[in-house]
Amino acid sequence: MIREIITYPNKLLKQTSKDVTQFDRELHTLLDDMYETMLAKNGIGLAAIQVAIPLNALIINLPDEEEQQTRENLIEVINPKILEMDGNTVYTEGCLSVPEYYEDVQRAERIKVSFLDRQGNETIKEYDGLMAIAFQHECDHLKGELFIEKLSYLKRKKFEKEWKKKIRGKK
Ligand code: CO
């Protein structure tokens, strides 16, 4: 089922998510719904809080070399921990909760992470490139942070002005 994605400045997005403790049918339905919702909106990542569920759960599905977004490349991440960060990289990010806005954001280039899968099994992985960037972006959602909070003061001011205009235009 496709769920509604909440958008900035919805206050729920600022909420800190809680660890998943039940690896049950409800969690699996949430993850399946998140996947359906993300694909419907052409996203490559989605955190549970973006569908208004404050749980430490996120999904990432990067396109392959042929630009195909296949389910085999889907990763489901429960209760993630970033263990190590290294290097610096800049990438033009976007977010389904801040639609149609894109801006350069600086993040660690490489990360080492631990997380659980939908059954509760732990894995430790090392990521770089877009995967590392997406992982950090989604983990920020779990802390109640959006990528626009990483912008410089001036860029943020410009964003707020444009965003207000955009929201007003939609009413
Ligand atoms: Co996002």
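User: Which strands does helix 1 lie across, and at about what angle to strand 2 does helix 1 run?

Analyst: Keep in mind that this is a predicted model. Helix 1 (residues 25-40) lies across strand 1, strand 2 and strand 3, and runs at about 40 degrees to strand 2. Helix 2 packs on the sheet too, touching strands 1, 2, 3, 6 and 7, with its direction at about 100 degrees to that of strand 3.

User: What is the strand order of the open sheet?

Analyst: Start with the general idea: strands of a sheet pair through backbone hydrogen bonds, either parallel or antiparallel. Here, 5 strands go in the order 1-2-3-6-7, with antiparallel pairing. Strand 1 (45-47) and strand 7 (122-128) are the edges, each pairing on one side only. From one strand to the next, the twist averages 40 degrees. For a close-up, take strands 3 and 6: 6 bridges join them, and Ile82 stands opposite Val113 in strand 6.

User: Is Cys95 buried or exposed?

Analyst: Buried means under 20% relative accessible area. Cys95 has 9%, so Cys95 is buried, and His137, at 7%, counts as buried as well.

User: And where is Ser97 found?

Analyst: Ser97 is in the loop between strand 4 and strand 5. Ser97 is buried too, at 0% relative accessibility, and its contacts include Ile5, Tyr8 and Gln50.

Technical notes
Residues are numbered from 1 along each chain as its sequence is written. This is a predicted model: local features need pLDDT of at least 70, side-chain atom pairs count only at pLDDT 80 or more; totals for chains, interfaces and linings use all residues. Side-chain values use heavy atoms; hydrogens and water are left out. Helices (H or I, at least four residues) and strands (E, at least two) are DSSP runs, numbered from the N terminus. Buried means under 20% relative accessible area, exposed over 50%, partly exposed in between (1.4 Å probe, protein chains only). Contact means heavy atoms within 4.5 Å. Two strands pair if DSSP finds at least two bridges between them. Axes are lines fitted to C-alpha atoms, for helices over the stretch in contact, and angles run from 0 to 180 degrees between N-to-C directions. Lists of a residue's contacts leave out its neighbours within four places in sequence.
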